[in-house]
Amino acid sequence: MAGVAQLHLGTPFLPSFPSLRGRSSGGGAPRRTPRIQAKIREIFMPALSSTMTEGKIVSWVKAEGDKLSKGESVVVVESDKADMDVETFYDGYLATIMVEEGAVAAVGSAIALLAETEDEISLAKSRASSSSSSPAAAPPAAEAPAPPSPPETAPVAVSSPPLSPKFSQAAVSSTHPASESGRRIVATPYAKKLAKELKVELGSVAGSGPMGRIVAKDVEAAAAAAAAAPVSSAPLKSISDSAAVKAPASSAIQLGTVVPFTTMQGAVSKNMVESLSVPTFRVGYTITTDALDSLYKKIKSKGVTMTALLAKATAMALTKHPVVHSSCRDGKSFTYNCSINIAVAVAMDGGLITPVLQDADKVDIYSLSRKWKELVDKARAKQLQPHEYNTGTFTLSNLGMFGVDRFDAILPPGTGAIMAVGASQPTVVATKDGRIGVKSQMQVNVTADHRVIYGADLAAFLQTLAKIIEDPKDLTL
């Protein structure tokens with residue numbers, strides 16, 4: 001795996017120096033040493049994806065007054081697709097938090113102020129208080145003289161929480177960082193660190209964050225409860241995995257209540273409405289899967305998944321029909337995409353995301369399967385990086401695993417086509433010699449952008465795909 005991915009936002013801070021134009025050219029007059037003026041900088045809501053317009057504060061890793069070092073995580077932000085750590089590029093002090101945990105802020109708006117020195121904290125608090133129109137804002141601090149210059153915008157780095165070196169508790173292993181003993185436990189990096197320091201077992205903590213994510217205050221509450229009632233702490237360790245996982249879900253759902261969209265649900269809603277502006281059409285096709293099923297049984301033990309097989313077969317077919325994975329964004333032109341990146345829809349609690357298998361036509365089936373498993377784990381832990389979910393050129397949506405025999409999928413904006421895959425089922429068919437036989441068959445329906453792709457294009461693509469699936473020997477090359 002690559003190292004921590006960083007997204008540089010904002011502009012570098014350049015300190016202002018007093019004018020040096022009065023400096024003498026002679027050697028007698030001493031030179032004045034320029035004085036760097038102290039600065040108050042804004043930590044702002046970063047854009048974690050191309051579709052993100054606002055972000056939600058999951059948890060503050062640092063508290064007001066804490067000293068910060070360059071590259072240190074400050075806050076965990078929920079975008080429309082994932083949770084990311086926001087890191088500062090400057091040393092200083094977290095002077096004041098302007099957007100509390102659970103609140104939403106627009107991309108580019110200030111969420112906190114960073115003071116260069118400890119003496120500047122009160123000045124930053126005063127500025128935040130005077131600029132805020134919210135009745136819940138912090139009370140005004142003592143009046144202070146105006147600073148020599150306006151606050152700078154503090155650039156930040158963004159990285160996936162488990163990869164942040166500041167909070168790594170052990171070397172990277174094959175076990176996913178958001179799991180404990182093979183069971184999924186999703187928590188913020190600071191919550192994990194705090195749990196280790198306070199000796200709190202994360203498996204016994206009910207998360208109050210988005211989709212049950214454990215945040216710092218949950219760990220602190222669990223530690224306080226254990227300290228107050230030591231007799232009852234032992235039974236907590238014997239709670240079963242299913243009980244620990246189901247508890248937050250059962251208490252979170254209240255029938256008859258109105259629930260606002262999560263950030264992810266809002267993004268899905270926006271994309272689906274946008275899709276209605278694209279003229280689409282649909283083409284269905286029946287494919288016999290006996291040979292593919294047989295191949296899958298042979299190589300399943302090597303870690304190969306059916307999703308990877310379908311993605312590989314689709315990518316191979318697309319190499320012969322580039323128009324089917326082209327894209328039209330402005331209604332006046334379309335692009336033949338250089339790479340065949342297969343996005344596969346994955347259902348999540350409270351939303352939907354499409355992890356991308358990049359260059360699926362060039363990657364062998366075994367590596368593709370390993371990559372798919374890694375992407376699914378990261379998606380369900382909300383740890384995908386932007387390039388892992390927004391670079392698809394063709395989308396697969398497979399409900400066959402749920403027994404659905406056919407359905408239509410909605411075209412994701414900016415792509416040319418999406419294929420809905422139904423379940424493979426034994427079907428009575430007539431053979432070429434006129435006899436009756438039983439074959440496993442599946443229905444696929446492709447929804448396409450009719451501005452770019454026409455019926456004949458899809459028909460030719462589906463014929464090629466059927467040939468590959470019905471004679472899949474090339475899938476393992």
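**Reading strands, salt bridges and helix packing**

Guide: Asp449 counts as buried, since its relative accessibility is 1%. The model in which this is seen is a predicted one.

Visitor: How many salt bridges does the count come to?

Guide: The count comes to nine salt bridges. One of them joins Asp408 to Arg282, with 3.9 Å between the closest N and O atoms. Asp408 belongs to the loop between strand E18 (394-398) and E19, while Arg282 belongs to strand E13, so this pair ties together parts that are 126 residues apart in sequence.

Visitor: Which salt bridge does Lys371 form, and where do its two residues lie?

Guide: Lys371 pairs with Glu374, the closest N and O atoms being 3.4 Å apart. Both residues lie in helix H9, three residues apart, which is about one turn of the helix. Lys371 is partly exposed, at 32% relative accessible area, and Glu374 is partly exposed at 25% relative accessibility.

Visitor: In which helix does Ser369 lie, and is Ser369 buried or exposed?

Guide: Ser369 lies in helix H9, which spans residues 365-380. Its relative accessibility is 1%, so Ser369 counts as buried; the cut-off for that class is under 20%. Apart from neighbours within four places in sequence, Ser369 is in contact with Gly303, Val304, Thr305 and Ala308.

Visitor: Where does Lys362 lie, and is Lys362 buried or exposed?

Guide: Lys362 is found in the loop between strand E17 (356-357) and H9. At 65% relative accessibility, Lys362 counts as exposed. The C-alpha atom of Lys362 is separated by 9.6 Å from that of Ser339, the two residues being 23 residues apart along the chain.

Visitor: I turn now to the strands. How many residues of strand E21 are buried?

Guide: In a regular strand the side chains alternate between the two faces of the sheet. Strand E21 (residues 436-449) has 14 residues, ten of which are buried, so the strand is largely enclosed by the rest of the structure.

Visitor: How many bridges join strand E13 to E21, and how many join E19 to E21?

Guide: Nine bridges connect E13 (residues 280-288) with E21, and the two run antiparallel. E19 (residues 417-421) is also antiparallel to E21, with five bridges. Thr447 of E21 is the bridge partner of Arg282, and Thr447 is likewise the bridge partner of Ile418.

Visitor: How many bridges join strand E20 to E21, and which residue in their hairpin takes a positive phi?

Guide: E20 (residues 425-430) and E21 run antiparallel and are joined by six bridges. Within this pairing, Val428 stands opposite Val438 in E21. The hairpin of E20 and E21 has five residues between the strands, and there Gly434 takes a positive phi near 90 degrees.

Visitor: Finally, the helices. At what angle do helix H7 and helix H8 pack?

Guide: Two packed helices are described by the angle between their axes and the distance between the axes. For H7 (residues 290-299) and H8 (residues 306-318), the angle is about 130 degrees and the axes are 11 Å apart. H7 and H8 are therefore oblique to each other. The crossing of H7 past H8 is right-handed. On H7 the contact is made by Leu292, Asp293, Leu295, Tyr296 and Ile299, and on H8 by Met306, Leu309 and Leu310.

Visitor: How do the axes of H8 and helix H10 cross?

Guide: They cross at roughly 130 degrees and come within 9 Å, H10 being residues 455-470. That angle makes H8 oblique to H10. H8 passes H10 in a right-handed crossing. The residues in contact include Leu310, Ala313 and Thr314 of H8, and Phe461, Thr464 and Leu465 of H10. Leu310 of H8 is also one of the residues in the contact with H7.

Notes. Residues are numbered from 1 along each chain as its sequence is written. This is a predicted model: local features need pLDDT of at least 70, side-chain atom pairs count only at pLDDT 80 or more; totals for chains, interfaces and linings use all residues. Side-chain values use heavy atoms; hydrogens and water are left out. Helices (H or I, at least four residues) and strands (E, at least two) are DSSP runs, numbered from the N terminus. Buried means under 20% relative accessible area, exposed over 50%, partly exposed in between (1.4 Å probe, protein chains only). Contact means heavy atoms within 4.5 Å. Two strands pair if DSSP finds at least two bridges between them. A salt bridge is a side-chain nitrogen of Lys or Arg within 4 Å of a carboxyl oxygen of Asp or Glu. Axes are lines fitted to C-alpha atoms, for helices over the stretch in contact, and angles run from 0 to 180 degrees between N-to-C directions. Angles under 35 degrees count as roughly parallel, over 145 as roughly antiparallel, 65 to 115 as roughly perpendicular and the rest as oblique. A crossing is left-handed if the near helix is turned anticlockwise from the far one by less than a right angle, and right-handed if clockwise.
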